[in-house]
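Trainee: Can we go through this one together? I'd like to start with the strands.

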Amino acid sequence: MTLLRAVKGMNDVLPDEIGRCQAVERLFAETMARAGFREVRTPTLEPTPLFVRAIGEATDVVEKEMYSFEHHGEPLTLRPEGTAGAARAYLEHAIHAKEPVTRWWYSGPMFRAERPQRGRYRQFFQLGAEVFGDPGPGCDAEVIDLLVGFLDALPVTGAAVLVNSIGGKQARERYRDALVQYLTPRSSTLSPDSQRRLSTNPLRILDSKDDKDRTAVAEAPTIHEFLDADDQAHFAALRAHLDALGTPYAVDPRLVRGLDYYTRTLFEIKGAEDKLGSGSTLVGGGRYDRMVAELGGPDVPAFGFAMGLERLLLASGVDAPGRVVDAVVVPIGAAAQSPALALGRDLRRAGIRCDIDTRGTSLKSQLRRATALGARFALILGESELREGLVQLKDLDAHSQERVTPEVALRSIPDSLRNPAGGATAPAEEAP
Ligand code: ATP
Ligand code: MG
């Protein structure tokens, strides 16, 4: 029989790695909650036309990265990103009629049929947020600054914020024409993909990772020459807010992003290239003032971002909690099994994380396992302990032991966990 394996580019996250994931997720949830964002959960599967309409037909994501299929004649897609679904839910539940400003965050798996490599997978997790109903540059600056604080707290060091404005629809049309005019005589120097983009989605050429394309666009006109006065004022105000906050950033006039829905503000946060390889972008986001209307709703401005959990883990020094449990109950002999189950239950009720080793193996092998689980205590129930109604409480860190009643053990373990024995490692760490 051939062994079945996971789908290429879709990874198992084993328990050893989960602690780090949870630490990041917890810090993100706390950060967002503190800023008045509430969690939203939308389906993993959405109607294909949602992404085609929201993300744009001529984008890499829609053209070649979506997992789409038909089920009973209905075109469905595993979500490649979270914003389209959030905007659909916002509209479907008429949230705009209930509150003037909506702040949502989300996390969950996203799916893109890309070539797997370091920091780039076919199933990956995103943490993201959306603000609906606030058109102002203050909103953009607040969210960018919030993210910088989040990355500092993780910590991710050496992250760089890049901002740009791509204006509104008209500015972009004017720029598009100018870019096509500039690139057409140079089209033979472009990659085959970008030669095609020249007629479908020329702005995407700026985002190409191909060296030939990068050279070709290095001297191209930038969007800034084409922005309306309103767009310019919005962008200037965003920069002034960031300056006032002391949030470090750089303006990158050639920054465009892969999804068509953006208007005005765009930003990226990049991590150190040595840790992340070519996929060095940690966070991508911006303003998408037209999306809700284009999905058939009212004119509601919006701003949002998403970041890849796996890339955050590659870039950050976040630690995993060390201990799996605080204590292990170690029954010796068949008669000790039931009392061990009862003792373990009492420990858990007292808030102590505890594993009960019911294999019926030797003391030595049970203690070896207790150590592997990082347990501070082993509670040994042997023949004599059973007879006398006692338990042997072994402190695996301090290498000490005493025979006590179960009641005394229940009282003394929590105290010891709060006050680790001299030189012993700290007890169960919570999120950083
Ligand atoms: P890239 O330019 O690296 O392809 P993108 O522009 O496609 O990124 P977005 O769609 O803006 O990225 O997604 C936001 C974030 O989600 C990225 O900055 C990255 O951290 C993460 N991300 C995107 N695609 C993947 C992937 N295939 N695997 C892992 N993380 C990803
Ligand atoms: Mg991409």
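Predicted model: local features only at pLDDT ≥ 70, side-chain atom pairs only at ≥ 80, totals over all residues.

Trainee: Which residue is the bridge partner of phenylalanine 132 in S11?

Mentor: Alanine 302.

Trainee: And what packs on the sheet there, touching S6 and S11?

Mentor: Helix H1, residues 15–34, does. Helix H1 also touches strand S5, residues 102–111. The direction of H1 makes about 5° with that of S6.

Trainee: Which strands does helix H5 lie across?

Mentor: Helix H5 covers residues 137–153. It lies across S5, S6, S7, S9, S10 and S11. H5 runs at about 20° to S11.

Trainee: Let's zoom out. In what order do the strands of the open sheet come?

Mentor: The order is S1-S5-S6-S11-S10-S9-S7-S8. That is eight strands, and the pairing is mixed.

Trainee: Which strands stand at the edges?

Mentor: Strand S1 (38–39) and strand S8 (250–251). Each has a single partner strand, so one side of each is left without a neighbour in the sheet.

Trainee: Which strand pairs with S4 over three bridges?

Mentor: Strand S2, residues 45–47, again in the antiparallel sense. S4 itself is residues 74–78. Glutamate 46 stands opposite threonine 77 in S4.

Trainee: New topic: charges. How many salt bridges does the count come to?

Mentor: The count comes to 29 salt bridges. Side chains of opposite charge can pair when their charged atoms come close. Take arginine 197 and aspartate 60: their side chains meet at 3.6 Å, N to O.

Trainee: Where do those two sit in the chain?

Mentor: Arginine 197 is in helix H7, residues 192–200. Aspartate 60 is in helix H3, residues 60–65. The pair links distant parts of the chain, 137 residues apart.

Trainee: Is arginine 197 buried or exposed?

Mentor: Buried, with a relative accessible area of 9%. Aspartate 60 counts as buried too, at 15%. Both values count as buried because the cut-off is under 20%.

Trainee: What does arginine 196 form a salt bridge with?

Mentor: Glutamate 63. Their closest N and O atoms are 3.4 Å apart. This pair also links helix H7 with helix H3, across 133 residues. Arginine 196 is partly exposed, at 34%. Glutamate 63 is partly exposed as well, at 37%.

Trainee: Where does aspartate 357 lie, and where is arginine 369?

Mentor: Aspartate 357 lies in the loop between strand S13 and helix H14, and arginine 369 in helix H14, so the pair ties together parts twelve residues apart in sequence. Their side chains meet in a salt bridge at 3.3 Å, N to O. Aspartate 357 is buried, at 1%. Arginine 369 is partly exposed, at 29%.

Trainee: Last one. Which residues do salt bridges with shared partners join into one network?

Mentor: Asp60, Glu63, Lys64, Asp193, Arg196, Arg197, Arg204 and Asp207.

How values were computed
Residues numbered from 1 in each chain as written. Chains lettered and ligands numbered in written order. Heavy atoms only, no water. Pairing = 2+ DSSP bridges. Helix = DSSP H or I, 4+ residues; strand = E, 2+ residues; numbered from the N terminus. Contact = heavy atoms within 4.5 Å. Axes fitted to C-alpha atoms, helices over the stretch in contact; angles between N-to-C directions. Salt bridge = Lys/Arg side-chain N within 4 Å of Asp/Glu carboxyl O. Buried < 20%, exposed > 50% of the residue type's maximum accessible area, 1.4 Å probe, protein only.
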